[in-house]
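Please read this report alongside the sequence and the 3D view. It starts with single residues and then turns to the whole chain.

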Amino acid sequence: MRLVDIDDAVRDEARTFNEALEALLAAGPSVHTVPPTETRAARAEGRGTFPAPVVVAEGRDETIPGPDGNTIRLRVFEPAGGDVRGVYLHLHGGGWVLGSSHAQDPLLWKLANEASVAVVSVDYRLAPEHPFPAGPDDCEAAARWLVAQSASLFGTERIVIGGDSAGGHLAALTLLRMRDRHGSTEPFVGANLVYGAFDLTMTPSQARWGDRNLVLSTPIMAWFYDCFLPGMPLADRRSADVSPLYADLTGLPPALFTVGAMDPLLDDSLFMAARWSAAGNEAELLVYPDAVHGFNGFPLGLSNLANEAQWRFIEKAVSS
């Protein structure tokens with residue numbers, strides 16, 4: 001584990017931002033008290049805490065068959081100039097309830113160019129309308145499709161999988177499914193796991209966080225889990241199929257874990273990175289002081305540091 005060294009200006013900026021964010025979130029209803037359909041509509045329209053998503057013209061939409069007769073939409077970017085060294089399979093966050101493949105266009109377009117990769121972002125089915133295992137099933141289907149098509153579409157078979165928050169959880173589950181159901185994690189050469197939720201029964205940092213809302217709180221996380229895993233007993237939530245922290249982690253690719261010190265999911269990355277390494281895999285864990293959940297999506301000095309570290313990790317993984 002490495003606690004990232006930051007200068008006083010970056011630290012002060014982050015602390016000022018955290019105070020403003022907490023006040024802004026306290027001024028409105030918490031996400032777990034509002035129907036998901038209302039929150040999705042508000043975010044799409046830029047009402048509330050977050051601005052409306054920016055759609056980047058360089059992205060294109062594709063569709064592939066889903067596992068249950070459904071259709072999975074993909075958001076695809078290729079770097080300007082056509083220098084594609086690998087592919088990044090991206091799984092978005094949002095507690096398995098919110099978010100979409102279009103919600104991070106500017107960041108994914110920047111990633112494509114900085115790391116020289118094609119980016120494929122998956123619009124998996126969301127809970128509570130489509131609870132577990134629908135979302136993981138869609139991610140598995142997208143991974144299998146990409147493994148089969150990456151060489152013909154992008155001229156490379158080197159793939160890094162990654163995601164933030166719920167997307168980090170889905171990325172880890174997808175790797176485990178590729179290994180256990182399909183015999184190998186090849187051609188995945190890296191995993192970029194950004195403040196993922198790896199124990200859906202709650203690690204100590206989740207359970208002890210309380211009501212303080214800095215994007216997440218203990219009640220918000222409990223609500224997300226109940227939407228995703230309705231009626232599932234606690235013991236079943238510890239299954240490796242649900243909580244990857246409890247899985248056999250042998251035979252997985254090198255991973256970069258990114259998390260903020262002010263994130264209720266801090267322990268998830270601490271524990272998962274340790275188990276990833278103990279299983280014989282390469283693992284690097286970067287903890288960013290004063291960083292809240294989702295910090296790298298905000299215009300902060302901390303965000304620049306974290307995103308650049310991820311781009312370099314992905315670039316190195318596909319170039320090795």
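This is a predicted model: local features need pLDDT of at least 70, side-chain atom pairs count only at pLDDT 80 or more; totals for chains, interfaces and linings use all residues.

Pro51 is in contact with Arg43 and Gly46, leaving aside its neighbours within four places in sequence. Contact here means heavy atoms within 4.5 Å. Pro51 sits in the loop between α2 (36–45) and β2 (60–65). Helices (H or I, at least four residues) and strands (E, at least two) are DSSP runs, numbered from the N terminus. At 66% relative accessibility, Pro51 counts as exposed.

Residues are numbered from 1 along each chain as its sequence is written, and side-chain values use heavy atoms, with hydrogens and water left out.

**Contacts across the sequence**

Met1 lies in the segment before β1 (2–3). Its relative accessibility is 70%, so Met1 counts as exposed. Not counting residues up to four places away in sequence, Met1 touches Leu270, Leu285 and Val287.

Arg73 belongs to strand β3 (residues 71–77). Arg73 is partly exposed, at a relative accessible area of 34%. What does Arg73 touch, not counting residues up to four places away in sequence? The list is Asp61, Glu62, Thr63, Ser101, His102, Ser121, Val122 and Asp123. Ser101 is 28 residues from Arg73 in sequence, and their C-alpha atoms are 8.0 Å apart.

**Backbone details**

One joins Ala127 and Pro128, with omega about 0°. Pro128 is in the loop between β5 (117–123) and α4 (134–154). Another joins Glu186 and Pro187, with omega about 5°. Pro187 falls in the loop between α5 (166–182) and β7 (188–194).

Positive phi values come next. Val215 has phi near 80°, a positive value in a residue other than glycine. Val215 lies in the loop between α6 (204–207) and α7 (218–228). Its relative accessible area is 22%, so Val215 is partly exposed. Asp290 is not a glycine, yet its phi is positive, at about 60°. Asp290 is in strand β9 (residues 283–292). Is Asp290 buried or exposed? Asp290 counts as buried, with 13% relative accessibility.

**Cysteines**

A disulfide is a covalent bond between the sulfur atoms of two cysteines. Here a disulfide is a pair of cysteine sulfur atoms within 2.5 Å. By this rule the count is zero. Cys139 is in no disulfide, and the nearest cysteine sulfur, that of Cys227, is 17 Å away. Cys227 is likewise in no disulfide. Cys139 is buried, at 0% relative accessibility. Cys227 is buried too, with a relative accessible area of 9%.

The table collects the accessibility of residues discussed above.

| Residue | Relative accessible area | Class |
|---|---|---|
| Cys139 | 0% | buried |
| Cys227 | 9% | buried |
| Asp290 | 13% | buried |
| Val215 | 22% | partly exposed |
| Arg73 | 34% | partly exposed |
| Pro51 | 66% | exposed |
| Met1 | 70% | exposed |

**The whole chain**

How many helices and strands does the protein have? The secondary structure comes to 10 helices and nine strands. Buried residues make up 56% of the 320 residues. Among contacts between residues at least 6 apart in sequence, 76% join residues at least 24 apart.

A compact globule of 320 residues would have a radius of gyration near 20 Å, and the protein agrees with its 18 Å. The radius is taken over C-alpha atoms, and the globule rule is 2.2 Å times the number of residues to the power 0.38. Along the principal axes, the C-alpha atoms fill a box of roughly 50 × 45 × 40 Å.

The accessible surface comes to about 12900 Å², and 53% of it belongs to carbon and sulfur atoms. Areas come from the Shrake-Rupley method with a 1.4 Å probe; for residues, only the protein chains shown count as cover.

Notes:
Buried means under 20% relative accessible area, exposed over 50%, partly exposed in between (1.4 Å probe, protein chains only).
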